[in-house]
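Good morning, colleagues. Please look at the structure as it comes up on the screen.

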Amino acid sequence: MSDNIQTVTVLSKTTWTPNLFSFTVTRPDSFKFTAGQFVRLGVNPSQLQYYQQPRAAAEQAVDEEVFRAYSIVSSPFDEVLEFFSIVIPDGAFTSQLQHLQVGDELLLNTMPFGFLTLARYQKPHPKDLWLLATGTGLAPFLSMLQDLQTWQDYEHIVLAYSARTVEELAYVEKIEQLQHNFGSLVDNPAKLIFIPIVTRESMTDALSERLPKLLLDQSLQQRAGIALDIDSAHVMVCGNPEMVEDTKETLKSLGMVMNRRGEGNIAVENYW
Ligand SMILES: Cc1cc2nc3c(=O)[nH]c(=O)nc-3n(C[C@H](O)[C@H](O)[C@H](O)COP(=O)(O)OP(=O)(O)OC[C@H]3O[C@@H](n4cnc5c(N)ncnc54)[C@H](O)[C@@H]3O)c2cc1C
Ligand SMILES: NC(=O)c1ccc[n+]([C@@H]2O[C@H](COP(=O)([O-])OP(=O)(O)OC[C@H]3O[C@@H](n4cnc5c(N)ncnc54)[C@H](OP(=O)(O)O)[C@@H]3O)[C@@H](O)[C@H]2O)c1
């Protein structure tokens with residue numbers, strides 16, 4: 001096993017829908033990361049409690065480790081590490097991971113990766129931060145929103161989070177708590193503007209179109225109540241690669257530029 005790989009223990013599991021869940025694991029003492037980064041998590045199916053039980057699906061499990069990239073949901077200051085996961089029924093990793101139970105052990109490569117962090121932007125920052133996510137692409141933004149520095153660095157923070165159904169719009173209560181708790185710490189409860197988007201059913205107070213369309217026809221900007229332009233905003237985009245591509249092109253058509261070597265508005269991360 002590589003020097004960077006440590007065993008972590010599952011402390012809790014929250015099931016949002018049959019295809020979405022979150023879990024927390026122990027955090028190795030020496031493990032440090034920046035909000036927005038990801039790690040590689042490993043599962044060895046034969047080490048899950050599920051595998052010990054005589055169930056048909058478990059019997060088919062292969063006794064070998066599978067690793068996948070996972071953004072960290074929790075803040076760099078938390079004692080535990082939290083993750084938010086999709087279940088792909090025939091996926092090599094999540095078809096096993098979905099069975100994890102409290103007390104199970106996972107593997108964690110303690111080398112943090114990724115540049116979807118606010119440190120990539122040179123200071124001084126523009127006024128506003130726009131965080132645009134689909135599905136589990138919400139994860140890195142939750143970590144950033146639990147870092148007080150993020151709240152101190154921007155005048156407004158817009159979080160637009162798109163899911164297919166209301167049920168799949170996970171973490172809404174947590175987002176509302178962050179709005180209240182961190183908003184109070186910076187004396188501005190209105191600093192975080194949360195815009196839920198539900199695309200395959202109707203939900204009161206949610207927008208219903210895909211992100212690029214909402215940006216192009218200005219409905220997202222109108223809903224946020226602030227302008228989005230090259231001088232006023234940093235924009236981060238995370239999740240479905242087609243969404244990332246379409247949103248990036250839309251932002252460019254609105255005058256924004258990719259962030260390179262600290263300069264420019266747009267930073268993106270594709271999940272597959
Ligand atoms: C930088 C980075 C960070 C990531 N962070 C997360 C995370 O925090 N949470 C998470 O669930 N996944 C995350 N992923 C995706 C993750 O690495 C795996 O792809 C996912 O766990 C599925 O693994 P699998 O082996 O079951 O299926 P795979 O064989 O890896 O994927 C099969 C197919 O499932 C779909 N798919 C994969 N991941 C997702 C997803 N997250 N949401 C919707 N559809 C998906 C795609 O169509 C993909 O082609 C991240 C990926 C990258 C590159
Ligand atoms: N969600 C489920 O119930 C479910 C169940 C089993 C398997 N899966 C698998 O999981 C993967 C996706 O799951 P998911 O629901 O988390 O992610 P997703 O398909 O990326 O959908 C999440 C959100 O992203 C939006 N979106 C998708 N493509 C976009 C684009 N090009 N531009 C802008 N917005 C876009 C979706 O809108 P739209 O609604 O308009 O697409 C939805 O609001 C797929 O491989 C799917 O087969 C999902």
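This is a predicted model: local features need pLDDT of at least 70, side-chain atom pairs count only at pLDDT 80 or more; totals for chains, interfaces and linings use all residues.

Residues are numbered from 1 along each chain as its sequence is written, chains are lettered from A and ligands numbered from 1 in the order in which they are written, and side-chain values use heavy atoms, with hydrogens and water left out.

Let us begin with Val-235, in strand β10, residues 233-239; strands are DSSP runs of E, at least two residues, and helices are runs of H or I, at least four, numbered from the N terminus. Val-235 counts as buried because its relative accessibility is 0%; buried means under 20% relative accessible area, with a 1.4 Å probe and protein chains only. Among the residues that Val-235 touches are Trp-130, Leu-251 and Ile-266, contact being heavy atoms within 4.5 Å.

Leu-251 is also one of the buried residues of α9. That buried set packs against β7, α7, β10 and β11. Just after the helix, Gly-255 has a positive phi of about 105°.

Finally, where is Ser-75 placed? Ser-75 sits in the loop between β4 and β5. Its relative accessibility is 3%, so Ser-75 counts as buried. Ser-75 touches Arg-27, Phe-33, Ser-143 and Gln-146, leaving aside residues up to four places away in sequence.

Note on methods. Buried means under 20% relative accessible area, exposed over 50%, partly exposed in between (1.4 Å probe, protein chains only).
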